[in-house]
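Let me put the structure up, and then we'll walk through it piece by piece.

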Amino acid sequence: MNGDFNFCFRLRYSFSKPERHDVVTIRLAGEKLMLLKRVVALEGDFVEFQNGILFVNKKKIDEQYVRYPSDWNLPPRKVDKGHVYVVGDNRSVPIDVHQFGQTPIDRIIGVPLW
Amino acid sequence: MVKTKYLIIAGGVLVAGIIVFFVFFQNEEAKIKKRFKFIAENIEKTSGENPIIAAAKANRIKKVITKSCKIHAPEYSFSGVISSDELGAVVFNKRAPYSEISLNLHDFIIDFPEKGSAQVNLTAIMEGRLKTGEFVRELHELKCKLQKIEDIWHLKDIEVVEVLRK
């Protein structure tokens, strides 16, 4: 969700599931406007933020793709079955403003093409 | 010869029926989209908006819902029934901290489950600048139920779909 125009490669997940660190497009009501987010955790994983640092299953994740560091704090939560946990790379905004969280895998349409 | 004549008439009636059917439903779809356009126009805000205009817009928004409207917005921890007067006040107060707001609606999926009612799915993108200078952009999927009262579509149920759950 950056207001830019992107092409989407829809066949990317025809025979596989999204993996950690994939950037994916997430469907809303239709397919004209979609969310663009990075998968940080898969089903069954525990996700949390401590002072802006992402922890997955209590392991610190080195996120070199993050554009602006944050000071986010989020207590641990488990990713439900059939879901992935996605977060945007631009974390300059407060945690309550940034749109992120777990989403059903069937909402993932594909990956962006640049 | 007579049989052919009746077949042509029957075909003509069928084609006319199909055209009337599609024209009727397209018109209803157009009316609903126009209604949402009206909502967007009255939520939008330009810098330096006069307080009288703000009050007038909030007053217009009151008229887009039925007597009361069910709103379910888990992302904002809100679920309940709101009256048209309350909606006007909410819109007025929510617009107040912004100096500019734009609201664009896309990807309409419109169904008519029964006569006089409609179900609409759409994606709404709201962009705004707070008076503090901070830029805000929110993208949401909305599921709305509408009821037709005196030939005007009114919202009676709005759900902000929880696409991402923190």
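So, where in chain A does A:Tyr68 lie? It's in the loop between strand 6 (59–60) and strand 7 (74–78) of chain A. Before I go on, some housekeeping: this is a predicted model, where local features need pLDDT of at least 70 and side-chain atom pairs count only at pLDDT 80 or more, while totals for chains, interfaces and linings use all residues. Residues are numbered from 1 along each chain as its sequence is written, and chains are lettered from A and ligands numbered from 1 in the order in which they are written. When I say helix or strand, I mean DSSP runs numbered from the N terminus, H or I with at least four residues for helices, E with at least two for strands.

Contact here means C-beta atoms, placed from the backbone, within 7 Å. A:Glu43, on the other hand, is 25 residues from A:Tyr68 in sequence and 26 Å away in space, C-alpha to C-alpha.

Now the sheet beside that loop. In chain A, 4 strands make an open antiparallel sheet in the order 6-5-4-7, and strands 6 and 7 are its edges, each pairing on one side only. Pairing, by the way, needs at least two DSSP bridges between the strands.

Let's look at strand 4 of chain A, residues 46–50. Its covered face has A:Val47 and A:Phe49, and its uncovered face has A:Phe46, A:Glu48 and A:Gln50. Why the every-other pattern? In a regular strand, side chains alternate between the two faces of the sheet.

Strand 4 of chain A runs antiparallel to strand 7 of chain A, with 3 bridges, and A:Phe46 sits opposite A:Lys78 there. With strand 5 of chain A (residues 53–56) there are 4 bridges, again antiparallel. A:Glu48 faces A:Phe55 in strand 5, and A:Gln50 has A:Ile53 as its bridge partner. The hairpin of strands 4 and 5 of chain A has 2 residues between the strands, and A:Asn51 takes a positive phi near 50°.

On to the other sheet. Chain A also has 6 strands in an open antiparallel sheet, in the order 1-10-2-3-8-9. Strand 1 (7–9) and strand 9 of chain A are at the edges with a single partner strand each, so one side of each has no neighbour in the sheet. Strand 9 pairs with strand 8 (residues 83–87) of chain A, antiparallel, over 4 bridges, and A:Val84 has A:Thr103 of strand 9 as its bridge partner.

The contact takes 17 residues from chain A and 16 residues from chain B. Which strand gives the most to chain A's side? That's strand 9 (residues 101–104) of chain A, with 3 residues. Chain A's side divides into 10 nonpolar, 5 polar and 2 charged residues. Here Ala, Val, Leu, Ile, Met, Phe, Trp, Tyr, Cys and Pro are nonpolar, Asp, Glu, Lys and Arg are charged, and the others, Gly among them, are polar.

Definitions and conventions: Two residues are in contact if their C-beta atoms, placed from the backbone, lie within 7 Å. A residue is buried if 20 or more other C-beta atoms lie within 10 Å of its own, exposed if 12 or fewer, and partly exposed in between; C-beta atoms are placed from the backbone.
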